[in-house]
Amino acid sequence: MPFPLNCDTLWSGATVVTMRDGKYHEILDGALAVKHGKIVWLGPRSEIPDITAQQHHHLNGGVVMPGFIDCHTHLIFGGDRSAEFEKRLNGVSYAQIAAEGGGILSTVRATRKASEDELLQSARQRLSCLLAEGVTSVEIKSGYGLDIDNEIKMLRVIRQLGEQIPADVLATCLAAHAVPPEFSGDADGWVSVVCEQLLPRVKQQNLADAVDAFCEHLAFSPAQTERVFRAARELGLPVKLHAEQLSALAGSSLAARFNALSADHLEYATEDDARAMAASQTVAVLLPGAFYLLREKQHPPVAAFRKYGVPMAIASDANPGTSPALSLRLMLNMACTLFGLTPEEALAGVTLNAAKALGIHTSHGSLEVGKVANFVHWPVARPAELVYWLGGQLPCTVIYQGEKRESSL
Ligand code: NIG
Ligand code: FE
């Protein structure tokens, strides 16, 4: 590196937890130099090179970590489903509610009625809770429109959020989320519309960064999922999948065959699925909020993911039905207590592995020279503390693309 080093901002005096390779790699009394929104140097404060910085922030302790990445959310929706929550606690199952036209389809009705602006404002509010906890990148799915115009409407709102919010917002087209009422009994008919009409338009208008589907008995079969994946592949869009949430259909193996970025949920995934996912480095996105809310008993095969080297991510799955979760830190705790992840694995799950699940890991997810300067200064002594507290607030300072982000939106 040529010295002296010129940078815009130097941050020093905190423990820098880089999460390189998905491990803590703590730098005690560390420092980080940022130029043009990127990290240009990091290391122990005692080894700071001959550096000229426009600004120098002395942090006086605490932990600096990569900004959190929530790689699976359904943050855009109309209405809420607290009545359904109540129904479930009176003994009616999620599948039963869906079969009676409730569940996802009730959110579809409310989302179709809502204007772009209404969707935008309500999503902004929910998003502000995530951002207050150090989230700097978030993925948001469509999937509550379920006709061409309303799916496009949702995706446009996601793109607008991306323009308005100081965070990276990635859009995923989840048109194959449920069979629309207009296609009741004809899932294949809707899949044809998705493949032949919707996805080409989405691609042409650059409205999505990836394509997702819900592969499950109450949604789409593996064969229908495969049709969606083929259409996405032809358009050059990466795929991901809601797989093995309620039953084992080998959807995650199918996703792996299509080099999916991720397969998500996975409570019913098998050892074979884990092997297939390892081969394609498809990320296992674990969603403890949905597991918890549905009072699921089957655990995702974490031991198999470890054994075969499948990267694991953790996300909020924020949605009105199965995971009205607006705290990624709570999800970290639940991934440890419910699924047995270590705090280090859980934190890798909202940093480097979440970046992999979105295909942005060469620029995001860890603190390394050349990567985008998205990081958070936390008032804690050890990174595990971020996972340990249940609820409460840990006021943090968020640096987004090298700039301090205002605490309120
Ligand atoms: O990720 N599994 C399917 N989709 C959502 C649930 C959406 C809903 O119930 O509204 C999920 O859990
Ligand atoms: Fe989901």
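## The iron site

In this predicted model, the iron ion (ligand 2) has four protein residues as its donors: His-72, His-74 and His-242, each through NE2, and Asp-317 through OD. The coordinating distances run from 2.0 to 2.4 Å. Read along the chain, the donors have the spacing H-x1-H-x167-H-x74-D.

His-74 sits in the loop between strand 6 (68-70) and helix 1 (82-89), while Asp-317 belongs to the loop between strand 13 (312-314) and helix 12 (328-339), so the pair ties together parts that are 243 residues apart in sequence. His-74 has a relative accessibility of 2%, and because buried means under 20%, this residue counts as buried. Asp-317 is buried as well, at a relative accessible area of 1%.

## Around ligand 1

Now let's turn to the other ligand. There are 15 residues around ligand 1, and those that come nearest are Arg-81, Tyr-94, Tyr-144, Gln-245 and Thr-322.

Gln-245 also places a polar side-chain atom 2.7 Å from a nitrogen atom of ligand 1. For His-265, a polar side-chain atom is 2.9 Å from an oxygen atom of the ligand.

## How enclosed is ligand 1?

How much of ligand 1 does the protein bury? Taken alone, ligand 1 exposes 330 Å², and the protein buries 100% of that area. The space that ligand 1 takes up is the largest cavity.

Key:
Residues numbered from 1 in each chain as written. Chains lettered and ligands numbered in written order. Predicted model: local features only at pLDDT ≥ 70, side-chain atom pairs only at ≥ 80, totals over all residues. Heavy atoms only, no water. Donors = N, O, S within 2.8 Å, 3.2 Å for Na, K, Ca; no water. Helix = DSSP H or I, 4+ residues; strand = E, 2+ residues; numbered from the N terminus. Buried < 20%, exposed > 50% of the residue type's maximum accessible area, 1.4 Å probe, protein only. Near = heavy atom within 4 Å. Polar contact = N/O pair within 3.5 Å; in protein donor to acceptor, adjacent residues only side chain to side chain. Areas by Shrake-Rupley, 256 points an atom, 1.4 Å probe, with all protein chains shown as cover. 1 Å grid on protein atoms, 1.4 Å probe; cavity = no way out; pocket = protein on both sides within 12 Å on 5 of 7 lines; lining within 4 Å. Sits in = over half its atoms within 2 Å of the grid points.
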